[in-house]
Every structure is written in C-alpha cells, then in structure tokens.
Amino acid sequence: MATAKRLPSGSYRVQVYSHTDSTGRRHYESFTASTKREAEMLAAEWANKKERQERLDLTVGEAITGYIRAKEGVLSPSTIRGYKTQLRNNYKEISHKPIRKLTSEDLQLFVSSLSGSLTPKSVRNIYGLLSSALSLYLPDTTFKVTLPSKTNKRPVSPSDADIQALFEAATAPMKKCIALAAFGSLRRGEICALTFADLNGRILTVDKDMVQTPDNSWIVKDMPKNSQSIRKVVLPDKVVELLGQGRPEERLVEYDNPGSVGSGFWKLAKKKNLSIRFHDLRHYFASIGAVLNIPDTYLADFGGWQRGSSVMKAVYQNNITPMSDLYSNKMAEHFDGLL
C-alpha cells in the first residue's frame, strides 16, 4: 500500500492505482484526511473492497485457473498437469459463468450432466477441483450438491498363474518392469527413475520418481509419490540376476518413461486376454503379503504405503481367485467334518 504524503495544507493524501484505460493511461483513486493514519486506512479499505469485488467477478474458468496457479508450488507436477487437463476438457458448460452468480442448482445440473457419460469417480474428481477453487474465492459460501454414489466393485488381484503367463510372454525389458512391480511393489515412475547406483546386491533403494510436467515432458524428481514411499526393497535373487549389471549412472530398465511402460504392458495383457493394468501388480504384491500373513506394518513399509493407512487394506489387498477357492474348500471340508 502507498504511503500518505503531507500536502501544503497540512492534510495527508494517498493515491492508489485503480485501472488502466483503453488508451494505456493509468488511473488512481485519491484519499485525503487530516492524519496520515486515517488517509492510509481509507486507501486500504478501498483497495480491499476493490480486490473482493474483482474476485467475485471471476468466471468459473478463471477461478479454477487461479486455484491451479496458487497450488503450483506445493503440488506435484503430475497433479498440476491433471488439473490443467480437467480444466481444458470438463468445464466448458459453466466456465463462462461468474462465480458470484453460481447457485447450488447450477452446480447440481452440472454434476448431473457429467454423470450420464462418466464414472462416479471421474465426476467426483471433476467436482472436487471446482469445489476447491470456489472455496478459495468464496470461503463464506456453501453449496449443496449431491454427487453420484461410489461403485462398490470387489476388485480381484491377478493370480500367480496370471503373473507367470505375463512374465513368460514378455520381452526382456518388460520382464524387468513386471518383476519390480509384482515382486517389489514399485510404481511405474519409481521403476523408470532407477539407476544401477540404486541396486546394492539384493537391496534396491527407492527414493525418486519420474513424473510428467504440465508441458508434457518427463523429469526425475528427488522424491517418490510421498515420504512414506522412500524405502529399501529386498529383491528375490532371480530378479537381481534378471536386472543384470551396468554403470552406476545407467538406467535400470530400458523404457523411456512410465507411459511407455504402461502402453507396453497393456499390449502384452491384451495379447494374453487378461484384463490387468500394470498398477494391478502392486495389488498382487499386497494381496500375496496378506495371504502369507505378513504383518500390515511391515507390508506397508515394503510397498511404500503409510503405516496404519486404510488404503493398503481397502484398495490393494484383494481376493485372488485361486486362493479364494482354496480357503472356501478348506472351510467346506471343516464343516463336512462337523457333519
């Protein structure tokens, strides 16, 4: 805020920038009072009122853009890139509307229009970004919106036979990726960021990640998905043998980026008629750990999940069909014995 200057009359005046007109001329508002403090307070009140009005005049698109810009320093490049993709693709219907004129009905109609073509999870993510932006610029406004119910699918992890079938049909570079994900619980970005310097005997240090920036380039950042993901993984001897040897600065796998790993795996799974994503290999790791009765605390450390988090148990530990058959038959045999 500008400092008040004393006039020849003895009063104090503050000039505050207002706007620039179409000719390029800058305009100012002037505030005069008998004391320096009073003049500066009048100017500050006007500036605050002007700022609040400008914030309310934002459109939905401008508000989301402002929210993304404000978060660029604290969120990961891949998260920011995802937000920008959402902004580009999902808000055209309401992006032009001023946020001060939005009603709960407007937002409910918007959510309902998305629900016909997108999954509940996608709709919730799209509305979540919009809601966060509105909370930043309209902190005292509450909207009541009903979101689509989450689908309660029971995910099934790949079986040992599925992993063996994929592994046997994979190329040598893909074998490395499958082994690191299924037997070491590494994510695609963690795999692509590895160098031979990270491998010491059977111990693999996971402490970085390859992510995609908002401008679609790939970079290696000095942190995995979160601090809990920094870990040391004990690899099976056969996986160490598969990885081979190389110079410390050499990449451990031959794929350029996580996207190429995912697309290569998708083609392999399709070839084997298996509906499995690369990320499902981490589900396999967690589910096998549960079958082997590995305590949750240790399993969370092995896979890079937060200790005590419900995510590992609720999302990653799924039924493995052959194991389910084994245990259900075991129960049936027990009941047979009772009868």
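User: In the hairpin of S6 and S7, which residue takes a positive phi?

Analyst: This is a predicted model, in which local features need pLDDT of at least 70, side-chain atom pairs count only at pLDDT 80 or more, and totals for chains, interfaces and linings use all residues. Residues are numbered from 1 along each chain as its sequence is written, and side-chain values use heavy atoms, without hydrogens and water. Strands (E, at least two residues) and helices (H or I, at least four) are DSSP runs numbered from the N terminus, and two strands pair if DSSP finds at least two bridges between them. Five residues lie between S6 and S7, and the one with a positive phi, near 75°, is Asn 216.

User: Which residue in S7 stands opposite Asp 209?

Analyst: S6 (residues 209-212) and S7 (residues 218-221) run antiparallel, joined by four bridges. Opposite Asp 209 stands Lys 221.

User: Which strands stand at the edges of the open sheet?

Analyst: The three strands have the order S4-S5-S8, with antiparallel pairing. Each edge strand has a single partner strand, so one side of each is left without a neighbour in the sheet; these are S4 (199-200) and S8 (231-234).

User: Are H3 and H5 roughly parallel or roughly perpendicular to each other?

Analyst: Helix H3 (residues 77-90) packs against H5 at about 100°, with the axes 11 Å apart. Axes are lines fitted to C-alpha atoms over the stretch in contact, and angles run from 0 to 180 degrees between N-to-C directions. Angles under 35 degrees count as roughly parallel, over 145 as roughly antiparallel, 65 to 115 as roughly perpendicular and the rest as oblique. H3 and H5 are therefore roughly perpendicular.
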